[in-house]
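Subject: Structure for your review

Dear colleague,

Please find the structure below, together with its sequence. I would be grateful if you would look it over alongside the notes that follow.

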Amino acid sequence: MFCRENETPGGKLACVLCPHNCVIPGGGRGRCKVRGNAGGALSLPFYGYISALAIDPVEKKPLYHFRPGSLVFSAGFTGCNLRCPFCQNWRISQRVPPSSGEGRVITAKELIALALESGSAQIAYTYSEPLVHAEYLLEAMALAREAGLANILVTNGAVSSGMARAVLALSDAVNVDLKSFSPQTYAETLGGNLDAVLAFIAEAHALGVHTELTTLVVTGLNDRQDELERIASFIAGISPSIPWHLSAYHPDYRWNAPPTDPDLLAQAARTGKKYLDFVYTGNTAGGDFSDTACPSCGKILVRRKAYRVDCPGLLVRGKTGYCASCGGDAGFIRV
Ligand code: SF4
C-alpha cells in the first residue's frame with residue numbers, strides 16, 4: 001500500500017509512506033529503521049513491537065479538550081522518521097530496537113484486548129512515532145473502532161497525504177507536534193518536512209478529528225518570539241479554537257542548551273492568546289496557563305493541577321461541554 005515493490009531497478013524498493021520517499025536497497029532499511037527491503041518485498045521487522053504500555057491521564061498526551069480527566073490505555077512503538085537532536089523519548093525513538101529491551105511483540109488483536117481489559121474507553125498510539133508502523137496501526141485502529149474504543153494518535157504528522165487520510169479516518173483525537181515554523185529547521189535539524197506537517201494538521205481539522213497541537217520550545221532552536229507568533233497565526237488561520245500546548249524542554253539526547261526559560265514560555269503563551277482561544281504551558285512549574293476559561297465570558301470551566309482535573313464550570317450536554325455560566329460553546333470540549 002505504501003511501498004512500490006520492485007518498481008525500482010536493482011531490486012530496490014520505494015517507500016512512499018512519508019516525505020523521505022526512501023529508496024531502500026535489498027537487505028537495507030529506510031531512515032525510520034523499521035521498514036526494510038527483503039528481496040524486493042517490504043519487510044516490517046518490528047511489526048507489532050510494542051516498547052511500552054501504560055495507563056495515562058489523557059492530559060499527558062497532551063489533550064485538554066478531549067474527555068478531560070479520563071484515563072487512556074497507551075501503547076508505544078520504536079523508531080521515528082525524524083531525527084530531532086533534543087528528542088525527549090530518544091531511547092525508544094532513535095534506538096531500534098530500544099536499548100531498554102523491555103519491548104515485546106503484541107498482535108493488534110491482543111493489544112485491543114489489553115486496552116479493553118484496562119477498563120479505559122480509549123487507546124493512544126504514542127511515545128515514539130506510530131505512523132511509520134502504518135500497517136499495524138491501521139489494523140489496531142480498525143479493531144479498536146469495532147470494539148467501541150476511541151483512537152487517540154500522538155504524532156509528528158510527517159506522512160504522505162495518502163497515509164494521513166487513511167489514519168485520520170480512524171482517529172477520534174490527535175495531538176500533532178508542530179516543532180518549528182522554519183522549513184530550514186525541519187529539513188536541516190529535524191530531518192523532516194514542514195509542509196507535510198502543516199498539511200496533516202489542516203487535514204485533521206477539516207475531517208472533524210479533534211485536534212490539539214504541541215510545540216516543544218527548545219532553547220536555541222525555536223524559542224524566538226517571532227517564530228512562535230507565526231505558529232500561533234498559522235493555527236488561528238485553521239481555527240482559533242484549536243488548543244495549543246507550549247511545552248518546556250529539558251536537555252536530553254544531543255541538545256545541551258539550558259532548559260526553556262519559564263518567563264519566555266509565559267510570554268509566548270501571552271502572544272499566542274492574541275490569536276487563539278486556548279493556549280497552555282506544560283512541563284513547567286506553576287504558570288497561569290493550565291486552566292480552561294470560557295472564551296465568551298472568561299469563567300473557569302476546567303481547572304488542572306498536574307494531572308488532577310476539576311470541571312467547576314462545565315455543563316455537559318450529549319458529548320459536548322458548554323460554559324455553565326453563559327451557555328457559550330466551551331471550545332469544543334468533547335466529553
Ligand atoms: S516511512 Fe521510513 S522507510 Fe518509508 S519513506 Fe519514511 S523514513 Fe523512509
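At what angle do helix H4 and helix H6 pack, and how many Å apart are their axes? Please bear in mind that this is a predicted model. In it, H4 (residues 161-168) and H6 (residues 194-206) pack at about 30°, and their axes lie 10 Å apart. Angles under 35 degrees count as roughly parallel, and the two helices, H4 and H6, are therefore roughly parallel to each other. The crossing in which H4 passes H6 is right-handed.

On the H4 side, the contact is made by Ser-161, Ala-164, Arg-165 and Leu-168, which meet Ala-199, Phe-200, Glu-203 and Ala-204 of H6.

Turning to the domains, the chain is divided into domain 1, covering 3-43, and domain 2, covering 49-290. The centres of the two domains, taken over C-alpha atoms, are separated by 26 Å. Domain 1 contributes ten residues to the contact and domain 2 contributes 14 residues. The side of domain 1 that touches domain 2 consists of six nonpolar residues, one polar and three charged.

As for the chain as a whole, it has eight helices and 21 strands. Its radius of gyration is 20 Å, close to the 20 Å that the globule rule gives for 335 residues, so the chain is as compact as a globular protein of that length. The C-alpha trace spans about 65 × 45 × 35 Å along its principal axes.

With kind regards

Terms used: Residues numbered from 1 in each chain as written. Predicted model: local features only at pLDDT ≥ 70, side-chain atom pairs only at ≥ 80, totals over all residues. Axes fitted to C-alpha atoms, helices over the stretch in contact; angles between N-to-C directions. Helix = DSSP H or I, 4+ residues; strand = E, 2+ residues; numbered from the N terminus. Parallel < 35°, antiparallel > 145°, perpendicular 65-115°, else oblique. Left-handed = near helix turned anticlockwise from the far one by under 90°. Contact = placed C-beta atoms within 7 Å. Domains from an automatic or database assignment. Nonpolar A, V, L, I, M, F, W, Y, C, P; charged D, E, K, R; others polar. Rg over C-alpha atoms; globule rule 2.2 N^0.38 Å.
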